[in-house]
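Biologist: Could you show me how to read the sheets here? I would like the general idea before each case.

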Amino acid sequence: MAERVRTTLESGRSAPKPSKPSHKHDNESLNPSKKRKRDRDEKPHANNNAATSRPAHDAQKPSKHSHTAPSHAHNKKHSRDQPNGGGGGGKNGGDKRSSSGGPLAKRRDQLLPVRKSLPIWAHQDEIRSALRDARDVLVLVGETGSGKSTQVPQFLLAEPWLGGDSKAMIAITQPRRVAAISLARRVAEEMGSPLGASSPASKVGYSVRFDVSTSPSTRVKFLTEGMLLQELLRDPWLKAYGCVVVDEVHERSVNVDLVLGFLRRIVCGDWKKHRNGRRLKVVVMSATADTQRLLRFFDEGFDEAEGKTAPALQEKASAANGTTTSKPSKDGKKKDKALPQKSTETTVNGSKDSEAVTKHHDSISACYIEGRMFPVKVNYLPDPTQDFVEAALKTIFQVHHKEPLPGDILVFLTGQDTVEALEKLVNEYAAGLGPELPKILTLPLFAALPQNLQQRVFQPAPRGTRKVILSTNIAETSVTVPGVRHVIDSGKSKIKQFRPQLNLDSLLVKSISQSASIQRKGRAGREAAGNCYRLYTEKDYLALQKDTTPEILRCDLSAALLTMKARGVHDVLNFPFLDPPPREALEKALLLLFQLGALTDTGDISATGLQMAKLPLTPSLARCIVEAASEARGGVAAHVIDVVAALSVENVFLNVATEEKREEAEAARRELFRREGDHLTLLAAVRAFAAEHADRRAWCDRRFVSLRAMQNVLDIRKQLRALCASLGLFDPSREDADAGVTEAVASNVLLSLLRGFAPNTARLMPDGSYRTLVGNQTVQIHPSSVLFGKKVEAIVFSEFVFTNRSYARGVSAVRLDWVVEGLSGGRVE
């Protein structure tokens, strides 16, 4: 199969036609007359690389195997030269009331032809009808380039089921903040509306962690899944919304699984009582073609609400198919690979001539929208490489010398550290290029990057310049960078992995799956034919895992369970998970929450737990702040908030490559170092940076501190202080009085951190090593730590890193009796 993928992509066609025999099932949910008309309109674009007349990332068709990769139509960008045609507002737009004239209306009118050119535009009536009357759930499979992410909310905006209340909103969830913000900007342009808090008349807004931008007139709100979960805490039945669109479901983060579970409880529950008789419409969108699990998931919810059982549902499916299949398990694992067009009678256009038909609940509909993509040539390394950063550097300049403009380069790396290291190397080599070659503009892209710097990658490169975007997997599906013709794939990513021996999550660099590899390759074919350079061999590709393991099956579940408990879910073992996690993982997470004081002896959420749940932080970090606000700790919340803000970004202190630079950095940072360890050193750095008003860039350069990271820290600090003040955990009037860090304050800060990270503790052994008190695992202090090479009786650490050995990072020295008392659940005085 993998070889066929490669052959297809390396063919000489300028652009695949929208319909192929291998996609015969695609047409079963498409209107044939509209499809033929659209095919005629598409052919000129496919043959002339018309990137300027059609936004390529919204107007391509994926390869015949693209359903195995989580690829999306993100139409999200707002680049002026490459507009992403997002969702239209229906035949009447649903958006022309947004602005009566001026530049916003002009821009809206300019984008209208772009939106009409998208595959999904012809299906707006079918999508609307799929959610009318008693039909509450739509599972929409939108291939790459279909335009689903920006169009669907606009299609639904004028629907009568939103009710006469003009304040009823449509929520659209995204897995990452950069995607939510970029989409909101794009849809605001398409609707001719100001964005967010910039105007009281704004109809489009967004809500991400530490950044909420909405207005009283907001009707369409893009938000991360975590922020929707926060809203569920305040509004368990989501009465402020008439529709929730869950995008990028195939990414299968813990939060998206929780969102789906809560939405199923609402649409299948007593909404007449709790939502004042108003239905909640749910649209679940994915770029993959396997929707059977989602259809069964909601089927089970409706059947349980009506008193039916899972076997009854299976009998109904078997009777309709004329086949006998095994019983569907409650864990929702895949039993049937059939596409929705073959398996569901409730497709949007009501097709009945499919090869097999499964009758789903009357409240559920399914729809398939095909996309478009240009061919991509795949290149593998002949031999494995030991250093993918060096291999990426060589490949960047080989492409730069060989390939003409236009054609930007997108490089997939593992994290902020590798992005910044390669950024420095590329800039050094680019400085020595001759005048006969185009200039290079190196742009990083990772989650912790400030928003204004993230947006730079979506803007066109200056004339005679090639953009080189160095990205983590953030650009894999959530965003589409315009102008990219060449992708360099390291084949690696950082993923969270729960380590039962240590009872904590760790970030590990691991090989990606085949589906992720295919998705990365697809970034090169959104606007024109492109190239993908895989920094691994074809043999290694064939050995990759086919699909990425859902996060809920490999991560610590304490944050998820705290979310559920705070939202009234008492029986977490029977919560409707799409993929139920192992019982052992649930039990360990419940035990950790109990140790943190978030749960009572009966398993109910405590007052402390409710405070923790209201903070957009991990349970451990939230517990640190709640503890710091207590009287026993002398009110050191301001100090701990500063530490937590610094821990919420990747690296405050820059990595240095040479021994000479390392010694220079240590000498420059000496004034910031604290003998107690890394956390108080971070506190000193944050406060010194905040107190610097003359030249913060120069301050950072002298101390080898990341200016970008520190600016982000201050933004998070500001938001956390405001949120904690609203919860009664922080007194702004004491801010000046809290400026100093005395020995007593330092001890209270460490005790607050220890309360949140009690399981992350280790004691010194006679042989000089450290062993964790939970799990008895050997760990070493990371070389980047202030305490590296020092011996103290016990340590607490905030991060576990595994490379060639186990490292504790973010380390502070604590007293052993503090640790013992903390692990026993007592309060250290």
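Modeller: Gladly! Two strands pair if DSSP finds at least two bridges between them. Helices (H or I, at least four residues) and strands (E, at least two) are DSSP runs, numbered from the N terminus. This is a predicted model, where local features need pLDDT of at least 70 and side-chain atom pairs count only at pLDDT 80 or more, while totals for chains, interfaces and linings use all residues. Residues are numbered from 1 along each chain as its sequence is written, and side-chain values use heavy atoms, leaving out hydrogens and water.

Biologist: How many bridges join β1 to β8?

Modeller: Six, and β1 (residues 137–142) runs parallel to β8. Within this pair, V141 is opposite Y368 of β8.

Biologist: In which order do the eight strands of the open sheet lie?

Modeller: The order is β4-β3-β5-β2-β6-β7-β1-β8, with mixed pairing. β4 (211–213) and β8 (364–369) are at the edges with a single partner strand each, so one side of each lacks a neighbour in the sheet. From one strand to the next, the twist averages 20°; for angles, axes are lines fitted to C-alpha atoms, for helices over the stretch in contact, and values run from 0 to 180 degrees between N-to-C directions.

Biologist: Which strands does helix α5 touch?

Modeller: Contact means heavy atoms within 4.5 Å. Helix α5 (residues 148–156) touches β1, β2, β5, β6 and β7, and its direction makes about 165° with that of β7. Helix α6 (residues 177–191) packs on β2, β3, β4 and β5, at about 175° to β3.

Biologist: What is the pairing in the open sheet of six strands?

Modeller: Parallel, in the order β9-β16-β13-β10-β12-β11.
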